[in-house]
4 protein chains.
Amino acid sequence: MTLWGGRFDAKLDPAAWALNASLPFDRRLAAQDVGGSQAWAAALRDAGLLSAAEYQQIASGLEAIAAEFDGGTFVFAEGDEDIHTAVERRLGERTGALAGKLHTGRSRNDQVATDFRMWVLEALPALDEALCGLQSTLLDLAEAHTATLMPGYTHLQRAQPVTLAHWLLSHFWPLQRDRERLADLRQRTAVLPLGCGALAGTAFPIDRTALAEALGFDEPAPNSIDAVSDRDFAAEFLFCSALCGIHLSRLSESMVLFTTAEFGFFELSDAYATGSSLMPQKKNPDLFELARGKSGSLTGLLTGLLVTLKGLPSSYDKDLQEDKLPVFTAADTLRTILPVLAGALRTMTVHPERMRTAIDPTLMATDLAEHLVRKGVPFREAHGLTGQAVRAAAEKGCGLDQLCQADWQALGLLEADLLPVFDPLASVEKKSAIGGTAPQAVLEQIQNAKIKLRKGKGE
Amino acid sequence: MTLWGGRFDAKLDPAAWALNASLPFDRRLAAQDVGGSQAWAAALRDAGLLSAAEYQQIASGLEAIAAEFDGGTFVFAEGDEDIHTAVERRLGERTGALAGKLHTGRSRNDQVATDFRMWVLEALPALDEALCGLQSTLLDLAEAHTATLMPGYTHLQRAQPVTLAHWLLSHFWPLQRDRERLADLRQRTAVLPLGCGALAGTAFPIDRTALAEALGFDEPAPNSIDAVSDRDFAAEFLFCSALCGIHLSRLSESMVLFTTAEFGFFELSDAYATGSSLMPQKKNPDLFELARGKSGSLTGLLTGLLVTLKGLPSSYDKDLQEDKLPVFTAADTLRTILPVLAGALRTMTVHPERMRTAIDPTLMATDLAEHLVRKGVPFREAHGLTGQAVRAAAEKGCGLDQLCQADWQALGLLEADLLPVFDPLASVEKKSAIGGTAPQAVLEQIQNAKIKLRKGKGE
Amino acid sequence: MTLWGGRFDAKLDPAAWALNASLPFDRRLAAQDVGGSQAWAAALRDAGLLSAAEYQQIASGLEAIAAEFDGGTFVFAEGDEDIHTAVERRLGERTGALAGKLHTGRSRNDQVATDFRMWVLEALPALDEALCGLQSTLLDLAEAHTATLMPGYTHLQRAQPVTLAHWLLSHFWPLQRDRERLADLRQRTAVLPLGCGALAGTAFPIDRTALAEALGFDEPAPNSIDAVSDRDFAAEFLFCSALCGIHLSRLSESMVLFTTAEFGFFELSDAYATGSSLMPQKKNPDLFELARGKSGSLTGLLTGLLVTLKGLPSSYDKDLQEDKLPVFTAADTLRTILPVLAGALRTMTVHPERMRTAIDPTLMATDLAEHLVRKGVPFREAHGLTGQAVRAAAEKGCGLDQLCQADWQALGLLEADLLPVFDPLASVEKKSAIGGTAPQAVLEQIQNAKIKLRKGKGE
Amino acid sequence: MTLWGGRFDAKLDPAAWALNASLPFDRRLAAQDVGGSQAWAAALRDAGLLSAAEYQQIASGLEAIAAEFDGGTFVFAEGDEDIHTAVERRLGERTGALAGKLHTGRSRNDQVATDFRMWVLEALPALDEALCGLQSTLLDLAEAHTATLMPGYTHLQRAQPVTLAHWLLSHFWPLQRDRERLADLRQRTAVLPLGCGALAGTAFPIDRTALAEALGFDEPAPNSIDAVSDRDFAAEFLFCSALCGIHLSRLSESMVLFTTAEFGFFELSDAYATGSSLMPQKKNPDLFELARGKSGSLTGLLTGLLVTLKGLPSSYDKDLQEDKLPVFTAADTLRTILPVLAGALRTMTVHPERMRTAIDPTLMATDLAEHLVRKGVPFREAHGLTGQAVRAAAEKGCGLDQLCQADWQALGLLEADLLPVFDPLASVEKKSAIGGTAPQAVLEQIQNAKIKLRKGKGE
C-alpha cells in the first residue's frame, strides 16, 4: 500500500520500489510513529476534526498496534512503503475507513521529522548513561591511583612524571564535553515539526503548542518550510558521535600502547582480549583497536550526511530519507563500544612498577631547570644549562642524576647536592595549581569530576 | 632562534625546518600571544617569580611589541620558529636576559592552546555579527513580502502556495541555530589552558583562576594533560562553520534556481552578478555558486581536523599544529561570504507576477481534498478523489479549476461551486497555526525572529 | 568456537564478543572463504603437508560446505567468531581432526585479505555491467535526439543552444571514466595475500605463484607485512564509488530540474515517479533525489575508511575489520541505483517543444559576436558591441532578434539582415570541431562512445 | 579589467569582487595560461582567424609576458579578475586591439580547465620523483639490513621475528601503488578541453587533435559539455594524495613508536628532531608527527572537492573555481613532506641490539607449533598445545624456552631438545616463499623493487 497514487496510471517499477522503500530502516521508528499518531489524533479531536468516539476508536487501534510492535507480532505487508504507511494500513484493517481520517492536515514530511526527533530525544539519555559508565570507571580507577607515578608523554617521548590518576582523568573530561554537547543538542532537537504539513503549515486549527507539550517537545517549530527540511539535529548528533569516537580512538591508542610488551603498564583481562589463529602466544587488544577503527565510520557518517544535505534546493526533498540510517548506526556504535571499554578498563591489571621504572632521571630535567630558576637564574638560561647537562650525561652514558660534581661545576653549577631534584614524587607534588598532577590537586579534580558526573549539564 | 637546542648537536635540516615552521600561519596569533604573555608576566609577579620592576620592564617591552604588530613594523627574523619564539626573541632584544624569565613555568603547549582559544573567542562575535547581518536582510525582505504569494516546492515540484516572507524566513532560522551553536561553543572555548605547562601542570604557585579572569576566560582547564591536547573547540568551530556553509549552500541553490530564466522569481543587481568572457548576454549568479561551492571546503576542513585528531596517542603531539589553519580559513570564508549574500539579497529585484503566475491551480489540489474533509469525507478518500480529478484534468488538458460540473459529478462531487477552493490567498490564509504560512502567522513569526535577532542566545 | 584460546583462562565478555564478532557482515565472504580454502588445501598437498587422501577428504568437505551455503542450509553456531571460524568448525564436524590441518601455515590475516580481494574482483564486472547499462540507455536516447535542440546552460543560465544528444552524452563520459578507474583498480586488487601468514610469510614451501593463478589473481603480494595490512584496493574502490556517486548526483540534479514545471523538458513515467501522502497532484522525482542523496553516504564511506586506516602502526591491526562493510555497502548502493536510473531515463517522455521554446534569441548573442568576428572585428570588441545590443533589447523589452535597423546602426552595425544569426540550428551546426554539439560531430561522438562501451578498457 | 561587462550597468560590489576573484590562487597557472594561449593563437592562425603577422605579434607578446612572469616583473592590475584576464589585459597593453582577437572561439571555461590540467600534468612527474626519493631511501636501508632481526608486530603485540629490511620494504610497496595510481591518473588528465568553448564547442574550424598534440595532451575531450565541467582528474589527484598521506601517516606512526624510549629501535639525527621550550631533555619526532597530522588535511581536501562537485546541475558552474586551491595545497604538502621523511630515515641511527633483545622466546611460539606440525600433529592441535606451554611458562614466570623436560612432557611433548626452535634467525629463514621475510626472499624482493623503482609504471 502507498499513501498516494490517485493520479498515477502505473505502479512503481520493482527495482525503483526497492530503492525507494525506507521500511528496512525506518521500522525502527515504529513506536515513535504510533506515539506521534496518537498525539495527532488527540489534536484532531481537539480541533473538531474527529469526534470523541472516532478518536477513541483510533486511539484504541493505535494502542493495539503499539502492542503488536512491542510483542513482535506486527506483520509488515509486502507493499508497505514505509513505517507511516504500514501503521496507517494496519489501522485501516482494524478501524476501517475511519483510519483515513488520521492523516488529515499532516504530511509524511512533518510526520517523519517528528518521529525521527522523538527517536533522537530518546536515544540521548541512553547515550549519556553509557558515557557516564565509562566516566565512572575512569573515576574509580583514578581514586585508586592518586599516588601511582608514571611517565607523562609529549610527542610520545617521556616528558615529566605524572600520576596515573591524572592520566586517567585526562580521558574523563573529553567525555564530559561530549555529554555537554549532547545536552546542548537536546534543546535544538526538542522543536516539534508536527503541524507543519508538507511545507506550508496545516490548514486546520491545531494547537501546536499543546501538541509539542503532549509529545515532550519544548516548542513548536517556528517555520513550516524549515521544519520539514531541518536536519541540523541529525548532523549535530553525528558530529557529537564522531568527536566522541575520536576521543575513544585516543584513549584506545594509549591503551594499545600501554599494553604492549615495550610499555607494559597495563595487562588486559582474558575476558577483554583475544588471541591469534596462528600465533599461540598472542594476547591482542582487539577491542580497543575496534573502538579506534570505528572512529572512522563515525566520521564517515557525519561527512555523509553533510554531503547529502549540501545544496538541497527546497523544503522537503527525498534526499532527506538518507538521514536516519547514519544516526541509528552512530548511536548503536557508541552504545556498543562504551560499555566494552569500561569493562576492559575495570578488569585490567595495572603494573605500577613498570611505570615507575620508566621514569628515568631525565624526566626531571625540567625540575632541575626550575630549581635553578628558584635560585634566580632566568628560565631560558636554566633551560640551556640543563640541556648541556643532559648532553653531558648522554656522552658519559650515565643517568642525568649520576653526573659528578665536576660535571656540574663544568656547567657552572656549584651546588653540593642536586639529587633531591630527581625525586619524581617531589616533581609531581610541585604541580599543585588547579589542574596540575600533584596528588592534592588531583583529589580536588576528582571531587569536581564527581559533581559533574552526578549532575550532568542537563540537571 | 629556537626556544630549545641545548642538547642538540646539529641544526635542523632546512627542508625539515620549512615543514616544521608554523610562523606562516601562527603569526595571526601575534596579538593573542602578546596579550597572553602580559597576563602570564603578571601571574609570575603575583607568584613572586618576577619583581615588580622586572614585571614592569617585561610589560613595557610586550606593549611595545604589540604596538609594532599593530603598526606593521614588527620584523620577523629568519630563524623565528613560531610566533611564540618571535615574541620572546624580540622581547630579548628589548629587555635583555630578563626576557628569559618570561617562559618560567609555562610551555609552548599551554601557550599556543591559550593563544588559539583567545583567537576563537574573538572570532565568535565577529561571526555572530556577520550572521545577524544576513538574518536582518532576510527579515527586512520578509517584512516587505508578507502578502507576496509564490509557489512552495517539495521535491522541487510545485506543491502549495506560500508567501515569499515565509520562504525568506525559512532561511532565517537555520542561521539562528548556527548562532546558538556558536554561543554554546563559546562556553567550551573559554576554558584556560595556561598554567598547564607542557602536560603536568606548572611547578610554580600560579593563581590560574585569576589568570583565567584576566584573560577573559570563564575558568581554568581542570586537567593539564587534557588541556594541552584538547582541540574539541576547534573541531566544534569547524562543525558549526561547515553546517552554516551547508545552510548557505541551500539558500544559494534556491537563489541560483530562482534567478534562472525558467523560474524568473528574482533578478540580481548588476553589482552582484557577473558576465561571461564569451557569451555577451550572460548574467550569472556566481556569488551564490561560490557560496555553494565553498560549503565543500568548509566540510573538508572539518573532516581534515577530525582525521588529524584521530588516534593521537598522548597529551601533546606535534600533529596538533595542523589545527589552526583550518579554523582561520573557515572563519575567513564565512566572514567573506555572509555580507556578500546579504548584499545580493538586499539589492535584487523581486518579480511577484512571475511567482503568482507559477501558482497553477493544481497547487490547490490539497485545498480541494481538505474542502472535502470539512464536509466529512475521510482525508484518505478525499485524497484519492482529488488525485482522480488531477488526472481527469490532465487528460482533458485543462486546469484543475476548469473541470466542468459533469467532471466533478463523475467523481461523485456534486458541489455547485468549487472555484473558491482555487484561490491561493485563501489557501495560504488557512495555514494559520504557529509556524504556518498565513500572513498573520508570518507576522507573529517575524516578531519572534526580531526578538531572537536582537537578543541572540548569548545575551 | 574460536581459533585461539589455548593460553586464555576466561571467555570473552559477552558485550566484548558482540563488538568483536564480524560474522554479521563477513558471512558475505562465505563463497570466497571456501574457495580460498580449497586452493590452500591443494597448495598444502603440493607442499607435502597433506597426503592426497587427506586433501581429497578436505576438498570434499569444503565442497559440501559450499553446497550448504549455496542452498541456504548452512547453520552458523552461536560461537562462530567469523566466517573463517565457521567454515573450519563445520569442516571439523565433517572431517574430524583432519580439519585442524587446513590452517597450517596460514593466518586469518592473509586469509581474510584474500577473501575480501576475491569478493571485490567478483564485484567489479557486475558493477561494470551496471554502468554499461546506464551508458547504453544514454546512448540509445542520444541516437534518437541528435537533432533535438535544447538550451545549454552554464551557471544554470541559458547559454547557447545544444542538441539533446550532446547533453545526454555529457553524462556518458563520466561513467566511462568510472569504468576505466575500476579497470585500473582491478590490477591492484588482483595481488594475492595468501601465503603471507600473520605477517612474516609462511614457514612452508608453498608455491605462491601457482596459488595466485589457481585463485584468479595476477601475482602474489611481494611483501608479507604489507600484504596483510594493505587496504588500498578497498579505499580505491570506495573512491571510485564515491566519484561515480557524484556523477550520478549531477545527472540526478539535472533530471530533477528538467522535470520541474518550470523547465518541463522531460516527464517521468509513472513507473518511476512517486506521489505525496498529502498533495494529490504531486508527481515527484524521488528516485533521482535518492540517487543524489546517496552520493552522501558513498562519500562518507570513503572518508570513513581513510580515517580508519590513518595512523595504523603495524602490519595487521584489528581496526582493519572495519574495511568490509563500507565496500559491501558501496557496491550494493551502486548496483541498486544504476538500473533504476537507466529505467527512469528509458521510460521518460521528452518534450522537444518545451526545449525549443526555451531557446530565446539571446542564446545566439555569441553567434552574433562571432558573426562580427568573421567580418574582421576583434572578438573582444564584438563581445562588447553585442553586450550593448543585449542591453538595448532589454531596455526596449524586446527580443534580441527584434531590434530594428536603427538600433543596430546605433551600435555601429550597419548590416542589412542579421536574422540568420538567430537560428539555433545554424548555431549548433557551427560547433563541428571534435567534441562539439553539431549533429555531425555528435554522430562521430556516438560512434566513439559505442566502441568504448563495447570494449571497455579491460578488453 | 574584466572580460565581460557590455550588458552591465554597475560594477561589482567590492566585497563581491573579493569573493569572486580567483587571482590570489590562479596566478599559479600563469605559465600554463600563457602556454595555452600561444597554442590557441597558432590554432586560430591555422584556422584562418589570425594572419601570420597577427599571430607573430600575439606570439611575441605572449612570449614577453611569459618572460615577465619568469622574471618576477609581471605587475597585476587592481582590476585583474583572474589570471586569464591579467594575461589578456597585458597582451592588450603590448599589442593593442589585436589582443582582442585571442579569445576568439574560446571561453574561460575551456581555458581554465586546460590550464589546470596542464598544471597537474607538470606536477605529476615532480611528485613521482619525490615518491621515488623516499622509496630509494627505504631500499638503500633495506639493502643494509637484510640480516638485521627485529620483532614483527600485529595488533602492536610482538608476533614473529622479521628482518628490518622486510619491514622497511613493507613501506616501499604502498608508495609504489601510489605511483601507479598517479600514472593511471595521467591518462585521464591528458584529455584536452581547449576548443570546447563555454560548453557547446567552438564555432571555428579548430583542429583540436593538433592542438592536443601541441600542448602535450593525448587527445581532445570527446564532449564539450563534459569537458568544461569534468573535474574527475582533480578529485582523483586528491584521492591519490590522500591515500599517499595515509601511507605516510602509517610509516610516521611506526617511526614515532620506534624512536620512543620504550621501543628504542631507531634514534633520529639531530638534524631531523626538535626540542622542547620547557623540557631540556626532549628530542621529539616532530617531523613524523607533522607528516601524520597532514594526512588529515589531505583527506579533508579530497572530501572538500567531492562536496563541491556534488549535485552541480550543469556544464560549468562557478562552484568549480573551488577546484584549484585543494590540488595546489595537496601537491605542495606531499612535495614538502616526502624529502623530509627521506632525510630523516637516511640519517637515523639503527639500534640492532634493541631490536634483537625485543625478540623474546614467545615470538617463536608459532615455530614451536609448526615444529609439531612437521611431526604430523594437526596444526589446530599443535596451536592448542603451544598455547598451554605459553601459559605454563607465564605461570612459572620463565621464558617459553626455559620450560623443563617435565613441563614439556606434561603437555605430551616428549622431545629431547626443543631449543633450536627458539632461534629467531631459523624462524626467519623458514619464511622463504615469495614475499616472506627470509633473507633470501628479501634479496629477491629488493631486486624486484629496484626494477619497479627504475621503471615506474609509466616507462
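Me: How many residues of chain B are in contact with chain A, and how many of chain A with chain B?
Reply: This is a predicted model. In it, 108 residues of chain B contact 108 residues of chain A.

Me: What rotation superposes chain B on chain A?
Reply: A rotation of 180 degrees, with 0.0 Å of shift along its axis. The RMSD is 0.0 Å. The two copies are thus related as by a two-fold rotation axis. The same surface serves both copies, as 100% of the contact residues of chain B recur in chain A.

Me: And how much area do chain B and chain A bury between them?
Reply: About 8700 Å², with 57% of it on carbon and sulfur atoms.

Me: Which three residues supply more of the area that chain B buries than any other three?
Reply: Arg188(B), Arg250(B) and Arg380(B). They supply 8% of the area chain B buries against chain A.

Me: How many salt bridges are found across the interface?
Reply: The rule finds 14 between chain B and chain A. Arg177(A) forms a salt bridge with Asp230(B), where the closest N and O atoms are 3.2 Å apart.

Me: Which helix of chain B gives the most to the side that touches chain A?
Reply: Helix H11 (residues 232-258), with 13 residues. That side of chain B divides into 42 nonpolar, 39 polar and 27 charged residues.

Me: New topic. Where is Glu88(A) found?
Reply: In helix H5 (residues 83-95) of chain A.

Me: Is Glu88(A) buried or exposed?
Reply: Buried, because its relative accessible area is 6%, under the 20% cut-off.

Me: What does Glu88(A) touch, leaving out residues up to four places away in sequence?
Reply: Leu3(A), Ala99(A), Gly100(A), His103(A) and Arg380(B).

Conventions: Residues are numbered from 1 along each chain as its sequence is written. Chains are lettered from A and ligands numbered from 1 in the order in which they are written. This is a predicted model: local features need pLDDT of at least 70, side-chain atom pairs count only at pLDDT 80 or more; totals for chains, interfaces and linings use all residues. Side-chain values use heavy atoms; hydrogens and water are left out. Helices (H or I, at least four residues) and strands (E, at least two) are DSSP runs, numbered from the N terminus. Buried means under 20% relative accessible area, exposed over 50%, partly exposed in between (1.4 Å probe, protein chains only). Contact means heavy atoms within 4.5 Å. Copies are superposed by least squares on the C-alpha atoms of residues with pLDDT of at least 70 in both. Buried area is the accessible area (1.4 Å probe) that two parts lose on being put together, summed over both. A salt bridge is a side-chain nitrogen of Lys or Arg within 4 Å of a carboxyl oxygen of Asp or Glu. Ala, Val, Leu, Ile, Met, Phe, Trp, Tyr, Cys and Pro count as nonpolar, Asp, Glu, Lys and Arg as charged, and the others, Gly among them, as polar.
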